[in-house]
Amino acid sequence: MKIINSLGTGFIRVVKAVKGIIITWFCFYFLVLTFVYPLRKSLDFTFGSSMITERLADGFDFEVFADLGNALPSILSFFSTGFMITFFAGFLLNAFLTAGLFGSVKKDSGRFSAPGFFSAGALNFWPFFLISLLITFGIIFLFIIIVLLPVSITAMAETLPERSIFLVSLVSGIVFLLLIPVILLVADNSRSFKTGHREVPALKSIGKGFSLTSSDFGRSYLMMLILILGQVVPGIAAILFLPAWKPVTGGGVFLLLVVSQLLFFARLFLKTWRYASVTARMDDILLTNTRGMEIQQVNN
């Protein structure tokens, strides 16, 4: 029942903050466009009016790029440099926009305000950036310890059968995936607590995130698991259907663009629902703890 209440409260909050999701979508769309558009112009200049573009319309063809000769290194250099700049800019932008979204779904946020959204992003940018950075390193560290090392050690053992290697890989992968909701719970609780307590340092909010995660862990974990599974659905749909869609007309290309952006917007909506639900759950936990302390003080 508490999970349903948190999900319901979170959904109401995210609907009120839908304008913030639109702002987030537009910012990421513009960021990707600044990378894709120059890359496409570079490829058009290199390919010219040859039949290469028609070969690419049928899917990725490595021979197309192998035949570019001296132009290939410059294209690869542009792609790698542009990708790294876009990735780093996206990481910074994500911290800013996530802070804005958390500010929009907190309990006392009221009606959505664009100035309030950008103000929350600016005020909590560095704490959110630090939290995102630590959580990212934590995920990478867990992947190395839980998945990469056991699989590598097992693969180097020549006496073990392939079935054992497969089982080790499967178990390691499952354990790692089951730990992802815990990491996200800590991250979301830390960011939610920091949003409501701006005077608290970032590291202290992370410690509070661990404390809030351990409070009523079973229900919080189940709620996070439900939200993650829902968030994965648009991504799976994009992976399964978009690569197989090969439009041959201008209208088909436009429709493909619209569908892909709708799937991305749906993923942003579900992610914000996760933020709002975790915030609602955190509010309930803090309220319960406060009432418990008040009752204890009265009894004393």
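I took rings of Phe, Tyr and Trp (its six-membered ring) as paired if their centres lie within 6.5 Å, with planes under 30 degrees apart stacked, over 60 edge-to-face and the rest tilted. By this rule I counted 15 aromatic pairs. The model is predicted, so I note that local features need pLDDT of at least 70 and side-chain atom pairs pLDDT 80 or more, while totals for chains, interfaces and linings use all residues. Residues are numbered from 1 along each chain as its sequence is written, and side-chain values use heavy atoms, without hydrogens and water.

Aromatic pairs.

I looked up F11 and W273: the ring centres are 5.5 Å apart and the planes stand at 75°, so the pair is edge-to-face. Because F11 belongs to helix α1 (residues 2-16) and W273 to helix α11 (residues 250-299), the pair ties together parts 262 residues apart in sequence. F11, at 37% relative accessibility, is partly exposed (buried means under 20% relative accessible area, exposed over 50%, partly exposed in between; 1.4 Å probe, protein chains only). W273 is partly exposed at 22%.

I next recorded F117 and F118, an edge-to-face pair with 5.3 Å between centres and 85° between planes. F117 is buried at 1% relative accessibility, whereas F118 is partly exposed at 34%. I also found one aromatic cluster, formed by F91, F125, W126 and F129.

Helix packing.

I then examined helix α7 (residues 125-156) and helix α9 (residues 202-214), which pack at about 55° with axes 9 Å apart. In contact (heavy atoms within 4.5 Å), P127, L130, I131 and L134 of α7 meet A202, L203, S205 and I206 of α9.

Definitions and conventions. Axes are lines fitted to C-alpha atoms, for helices over the stretch in contact, and angles run from 0 to 180 degrees between N-to-C directions. Helices (H or I, at least four residues) and strands (E, at least two) are DSSP runs, numbered from the N terminus.
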